[in-house]
Amino acid sequence: MTCFDRRDLGLLLLRLGTGGVLAAHGTQKLFGWFGGPGIAGTGQAMESMGYAPGRASATAAGLAEAGGGALLALGLATPAAGAAAAGAMAGASAVHAPNGFFAQEGGYEFAASLGLASAGLAVAGPGRLSLDRAFGDVFNRGWMVPVALGVTAAVTAAVVGARNCRVRRTAEEAAGEQEALFEQ
């Protein structure tokens, strides 16, 4: 079949929307575009959120978002691009989780939506209106999906786990200092 169908058009729209938002969000971190803080500001923010070292964390998150988003929009290396973006959004969701689900309360709704859409695209593939298809799907093989998602899940679990330990330790230290002040 040579003509495109609804699925191809739907995947194109989903890739362009999800990938475009992720790419813009990542360039805020990396370059300060669209009113973003750039690497230095994002690095400081990452440190305050428990991701250390901050500058390296900002670079990794920015590259996963900007690079993964751009590749998703183009439909190129879709399993790796979707997995990278999903991993970055899992890290963002961890920061927002204490605020509940809804974004208006500072929750993880937006990050989870982008992450799930990215993971879904990694699994579904880019469709025929994509660079992956134009290049003969050399970067979009079936075996790449579980490998990309598995590696990303392992790395994300380690990074978020270390972050959660730092946040917990900082909270315990602050509580101990508060208790010591109260006892004086």
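Which residues does L72 touch, not counting residues up to four places away in sequence? This is a predicted model, where local features need pLDDT of at least 70, side-chain atom pairs count only at pLDDT 80 or more, and totals for chains, interfaces and linings use all residues. Residues are numbered from 1 along each chain as its sequence is written, and side-chain values use heavy atoms, with hydrogens and water left out.

**View 1. L72 and its contacts.** Leaving out residues up to four places away in sequence, L72 touches R15, G19, L22, T78, A81, G82, A85, S118 and L121 (contact means heavy atoms within 4.5 Å).

**View 2. The largest nonpolar core.** L72 sits in this set of 11 residues, together with L11, L22, A64, A81, A85, A88, M89, A111, L114 and L121. A nonpolar core here is a set of buried Ala, Val, Leu, Ile, Met, Phe, Trp, Tyr and Cys residues joined through side-chain atoms within 4.5 Å, with buried meaning under 20% relative accessible area (1.4 Å probe, protein chains only). The most come from α4, with 4 residues.

**View 3. T42 in helix α2.** T42 belongs to α2 (residues 38–48) and counts as buried because its relative accessibility is 5%. Skipping residues up to four places away in sequence, T42 touches Q28, K29, P37 and A58.

**View 4. Where α1 meets α2.** Q28, K29, L30 and F31 of α1 meet G38, I39 and T42 of α2.

Methods:
Buried means under 20% relative accessible area, exposed over 50%, partly exposed in between (1.4 Å probe, protein chains only). Helices (H or I, at least four residues) and strands (E, at least two) are DSSP runs, numbered from the N terminus.
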